[in-house]
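Subject: Structure handover

Hello,

My notes come after it.

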Amino acid sequence: MQAGLAATFLDGEVARRRPVEISLNEDAITIAENGGTVALWPLASVRRVDGPDDMLRLTESETSPARLELSLHAAGAEAFARIPYLADRVTGARAALKIVAWSAAAGLSLILSAIYLVPVIADRATALVPLRVEQRLGQVVDAQVKQVFGDKACSDPAGHAALDALSQKLAAAGGLATAPEVIVLRSPVPNAMALPGGRIYILNGLLGRAQGADEIAGVIAHEMGHVAHRDGLRGLLRAGGTSFLIGLLFGDVTGAGAAITVAQVAINGVSSREAERSADRFASDALLALGRSPKPMGLLLSRLDRDAITPAFLRSHPVSKERLEALGDGPANPKGPLLTDEQWQALKRICDAS
Amino acid sequence: MAGPPATPMSFSGRAGEFFGMLVRGTLLLIPTFGFYRFWLVTRLRRHLWANTRIGDEGFEYLGTAKEILIGFLMALAILTPVYLAYFLVGLYLEEQKAFASLALVAFLWALGHFAVYRGRRYRVKRTAFRGVRFWMDGSGLAYAGRAILWDVFTVLTLFIAFPWRMAALERYKMRHSHFGSLDGRFTATGMDLFRHIWPFGLLIVGVLIGAGLLNGWASSAVLEGKVDTGGFMVVSSVSTALVWLSGVACMVVIYTRMLRWWLSGLRLGEVSIRSDFRVGGVLRPSLWLFVGVLVWSAIVVALGAGIVFGVGGSIESLMAAPTATKAVAVFAAVALLYLVWMLGFGVLARQFLARGIWANVVRTSAVVNIAAFEMAVAAGSERGNGLDQGFADLLDAGGI
């Protein structure tokens, strides 16, 4: 039985300090005020909580508001200082390790979901989205495309007629009920894209690099493949799902924006390669059905690939060497050219009008 | 000027101890993908609360990390469909572009106010003194509504209404704050605050106008050939620097006076606070932060240069023959360094601004009539879970 130690008792019901004397038994703390015992705290439930730097603070139990405060410098305080902290007030090495392990598991689960689950869900969801909604999405993407590449559509009548003729043939060969709208934008960038909802943009830079109608036909057919498979919509759903999951993971940790962008680009780069291969197959099939070879398209892509600088695994369009091989050989029974020389020249000059 | 008895407040937390907790917690943010932030914030608050003392008595923070983690998950579950709906509505309204963005901004603005109120409610509900708990009622939605109306009015009056806005919102918050059975209120008025800060608001406006006029005169002088472009650059940079400096200086003074005004208006029962907070209390920590950020940035840049050139050779070799692996390595290194820099900046901001200003405010305050606290009997519902904090965390509504 220890001699009484001066302390402050706070019963948790009234905000008044009560000077008391406390003593430590084997199984309880005795709290005495003016000689009489006012409380007995069983040691089994007594815990230490946070106190100011030089003060020891004890609680009766995990749920009790009552507190005992004594100076850490007082003689006899060491015995009380040995009382363990409240369980959730401890963040020692073991607790930290547990948090790291669980966070790693959560992080891994979110990342794996982003890589494997999101594409599957995006696929299913794509089938469920009505065409009207997809077209609306297309309008949104359209505005952004116009912001980046300019909104000057090339409209030379002869060129436009040639383009229409080509598109109709390709759409019919590909089995599409209506030919998607194909528009040439005045931009030196050699690129082409299919928007959700069916609009296809060919940038003039690509027309400039093409050396024959078959090359451009391949590209247009490829983009029609994307339209047929609703790849634009699927890509948006995938990107949305992925960035949502990864954003979930990092919450408000600042500076994660950079990491998120890299992850997104890498992940989306991988998954849309399948979409590209399917579009290539669509183009091959359509060209063969028209009695033309898919190889010229591959030649055009090789020419473009020579000038690219982003590393292969980050690019959404697969490496051209493998692609060339996948495109396959020419038709068994080749047919006449898709465009006359006149039509081809008109197409090349579609952006020359004022 | 002897008033009623005042018990001075003090802050006993050691800066080194806080810094150690901060660094350890921030490092743990990395392997935990940021999840550790709940434990870090809780640990820091426990330290700050317990070492904030009235006389030699300290407060106590009763919140737990688990609580706010669950609150975060709950808030996520509630806000995810809301964000999704908001995205779809935005799509639908894309045609009426202007209105779409307006609705978006208004919604986020309201949500921000809501989160601020709920965040404060959580921190109040998890604070105890002498074993008795503080608590808050009132509605986050009601607060958000009031705050938005006041914001609009403030903008319409070109910020002249700002002091009255602060007073009205604080009155709402304090009306719904309690310590046990003691009720809170806010007695400082918008007029009080206006009287203290109007000269500095005017100064900012004056400097802005002056700089604008100066730039205008300088550009017309250049067009007329009276002054060459070199002279114009000098005038432009000097005026910009002046605007920035005076703007920052005025903001610091306004912030200091607003804090003092706010403290002087708080009431819990018959207990009040007397504040002696001065500009130095904000200026000193800000200068420390400025120096700290410079040093830290220098370290990160040096580290970055070392890594980049170690991997890629000199700049010339990098430019001459960029290989795919080199490009990826450099890109990844830059992203990583950015992350490291942000984490370090977070540590510095919390150490100097959050802790520094907190400690300075506490040390210059005194509680008047603390005997009135003894009238407080434990009261208030135990409702209010980590969801309150979860909202604030999800929406980044700040606070310590």
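Below are the conventions, then the findings.

This is a predicted model, where local features need pLDDT of at least 70, side-chain atom pairs count only at pLDDT 80 or more, and totals for chains, interfaces and linings use all residues. Residues are numbered from 1 along each chain as its sequence is written, chains are lettered from A and ligands numbered from 1 in the order in which they are written, and side-chain values use heavy atoms, with hydrogens and water left out.

Confidence

pLDDT is the predictor's confidence in each residue, from 0 to 100. Chain A averages 82, and 87% of the residues score at least 70. Residues 252-260 of chain A stay under 50, with 16 contacts beyond four places in sequence. Residues 265-271 of chain A also stay under 50. The model gives that stretch 11 such contacts. Contact means heavy atoms within 4.5 Å.

Cores

A nonpolar core is a set of buried Ala, Val, Leu, Ile, Met, Phe, Trp, Tyr and Cys residues joined through side-chain atoms within 4.5 Å. Buried means under 20% relative accessible area, exposed over 50%, and partly exposed in between (1.4 Å probe, protein chains only). The largest core has 50 residues. Phe38(B), Ile54(B), Phe179(B) and Phe373(B) touch the most other members. Helix α2 (residues 37-51) of chain B gives the largest share, six residues. Helices (H or I, at least four residues) and strands (E, at least two) are DSSP runs, numbered from the N terminus. Another core, of 38 residues, lies apart from it; Trp344(A) and Cys351(A) are among them.

Cavity

The second largest cavity holds about 40 Å³ of space. A cavity is a set of points on a 1 Å grid over the protein atoms alone where a 1.4 Å probe fits but cannot get out; lining residues have an atom within 4 Å of a point. The volume is the space filled by probe spheres set on the points, which are joined across faces, edges and corners. Its lining draws on both chains, including Arg57(A), Glu69(A), Phe59(B) and Arg130(B). β7 (67-71) of chain A and β5 (127-129) of chain B each supply at least two lining residues.

Backbone

Arg130(B) has a positive phi, near 55 degrees, and is not a glycine. Arg130(B) sits in the loop between β5 and β6 (132-136) of chain B. Arg130(B) is buried, at 7% relative accessibility. Phe159(B) also has a positive phi, about 75 degrees. Phe159(B) lies in the loop between α5 (140-156) and α6 (162-175) of chain B. Phe159(B) is exposed, at 56%.

Best wishes

Technical notes
1 Å grid on protein atoms, 1.4 Å probe; cavity = no way out; pocket = protein on both sides within 12 Å on 5 of 7 lines; lining within 4 Å.
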